[in-house]
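Please read them with the structure open beside the text.

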Protein chains: 2
Amino acid sequence: MTGRIHTEQILIDWGTTNLRAYLVTEDGDVVERREVPEGIMQVPDRRFEAALDRLVGDWRHEDSSRPVLLSGMVGSRQGWIEAPYVACPAGLDDIAAALIRVPAEGRVLLVPGLHWSDGRRDEVMRGEEVQVFGALREVSEATLCLPGTHSKWARVEGGRLVRFSTVMTGEIYASMRNHGILGRLMNGESDDETAFLSGIDRSAEAGGVMHHLFGVRTAGLFDRIAPEGLASYMSGIVVGHEVRDMLALHRPQGAITLVASGRMKKAYRRAFDRIGAAVEIIDGEAATIAGLSAVLAARL
Amino acid sequence: MTGRIHTEQILIDWGTTNLRAYLVTEDGDVVERREVPEGIMQVPDRRFEAALDRLVGDWRHEDSSRPVLLSGMVGSRQGWIEAPYVACPAGLDDIAAALIRVPAEGRVLLVPGLHWSDGRRDEVMRGEEVQVFGALREVSEATLCLPGTHSKWARVEGGRLVRFSTVMTGEIYASMRNHGILGRLMNGESDDETAFLSGIDRSAEAGGVMHHLFGVRTAGLFDRIAPEGLASYMSGIVVGHEVRDMLALHRPQGAITLVASGRMKKAYRRAFDRIGAAVEIIDGEAATIAGLSAVLAARL
């Protein structure tokens, strides 16, 4: 009505294991969603352009003026083109100002990751920064938990992401599940809430996570937990340690913003409830879409 | 001189990855030592008798009255014959009374493992109980650390092993080294003492081992530690967490008895020194031999 031309946007979340694409209106409504298990490590011959074209070539062809914004590991050294890290503290504007244009690809832009350092140690993220700003929208102070293979805990102050920490929870879980002595006793991965909560409770006790994990084996050997419940018990142990350790490290005031989907959302919500920490839940995929939209809006 | 007939003993330490044999006098002097990388998981067709015969058949043939005593995972369900666990608290006499004779094999005896439980949780060991009693000899009160794939911390009171805890330090280390994102940045496994001690120091800080482990990646990414030192840094992190967590759990009075050999002995001694915990070191292999001798002496 204002004479402004409304153009859809193509928003891409391209991580290590998956490629997800959203055709979104300027108002943030999702017109169409597509997903393929073609993470950056699975792209044949590193031909990222061809992989993108296979998934959303028609969207780009329909209207070549549509901007394409990509976040995640696609902007890493192992990805399409490296988008150098932006230093924390960083706000949405800093990220938007540091987008990297893919040469000879028209309006294709990569979101940079974030780097935090205190001069002795460093932290990095790629992709989660988009979710953080997508989850918060107008909120300018928050502590967020983004669970995953490498969970991120982020602190936002004055609308800027000031610091964050990474916990290898998902990788430790998968590693113990698939390679070690613990996985051998397990039978399936049924969602056993009682066993999961036992693991959360166990994480409150002394001894450390490497000691508590051995208890998964003996709980199986002495039939204290059925084989179908052992994976849930192990999950509770590692998630419980993550949440307790990060609450102690970040000492959040007020509710944690949990940004997650599916099984992760369920598990972490249970963990926070059991531990007695207030939590506000934002869907992880919705946060990605909102965040990518917000980055584009800040850029355009 | 006393008219007593002196017979040598054949002592065997048969674990998951190695088979070690010692021909020992009744006084505990080692006449000969043999070792093959034929752990119980590597025995063809589970023919344990044949494997034992290949290694020490000549020792048995020379004098068929020589007793053969085996400890370790060879007495587990996956081993030759299962020697049921003896319950803690247990002394040397309890172990000697529960030896299992291998049928049709003459004087071949298996040492049982130990089981500890408080009614809610359980712990198991197989092989370390022999080292504990071998390391202590006449000492009746001690807290021992036996590092390994699954490190054991044991408390002995009144000459009996009353409780113990397992920490999956070695398995977590190997798993992260060989399967995950951390191993990719590593280059060799040079013994970098400075990096190892940095890891020990890091383990004293908040955040937990799963958070500190991710720091191995960023230390590599940002050149804070050279690629050759990253494995040592990671080792320091996991060993440091084990030692601190177990000191907090067991609250030992006085020095810890460290039972270890080779690289483990070196690493854990450094860790205890750095943390400022007094330690007394007993060679792991010597403890095995002395322990097996003591079990036989208590039996005969």
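Which residue of chain A comes closest to the rotation axis?

1. In this predicted model, the residue of chain A that comes closest to the rotation axis is Ser175(A), whose C-alpha lies at 3.3 Å. The axis itself is that of a rotation of 180° with 0.0 Å of shift along it, which superposes chain A on chain B with an RMSD of 0.1 Å, and the two copies are therefore related as by a two-fold rotation axis.

2. As for the interface, 100% of the interface residues of chain A are also interface residues in chain B, so the copies meet through the same surface.

3. Within chain A, 3 strands form an open sheet with mixed pairing, in the order E5-E8-E9, and its edges are strand E5 (86–87) and strand E9 (122–125), each of which pairs on one side only. Strand E5(A) pairs with strand E8(A), residues 114–117, in the parallel sense over 2 bridges, and Ala87(A) has His115(A) of E8(A) as its bridge partner.

4. In chain B, the axes of helix H8 (residues 230–250) and helix H9 (residues 262–275) come within 10 Å and cross at roughly 60°, which means that H8(B) is oblique to H9(B). The crossing of H8(B) past H9(B) is right-handed.

How values were computed. Residues numbered from 1 in each chain as written. Chains lettered and ligands numbered in written order. Predicted model: local features only at pLDDT ≥ 70, side-chain atom pairs only at ≥ 80, totals over all residues. Heavy atoms only, no water. Pairing = 2+ DSSP bridges. Helix = DSSP H or I, 4+ residues; strand = E, 2+ residues; numbered from the N terminus. Axes fitted to C-alpha atoms, helices over the stretch in contact; angles between N-to-C directions. Parallel < 35°, antiparallel > 145°, perpendicular 65-115°, else oblique. Left-handed = near helix turned anticlockwise from the far one by under 90°. Least-squares fit on C-alpha atoms with pLDDT ≥ 70 in both. Contact = heavy atoms within 4.5 Å.
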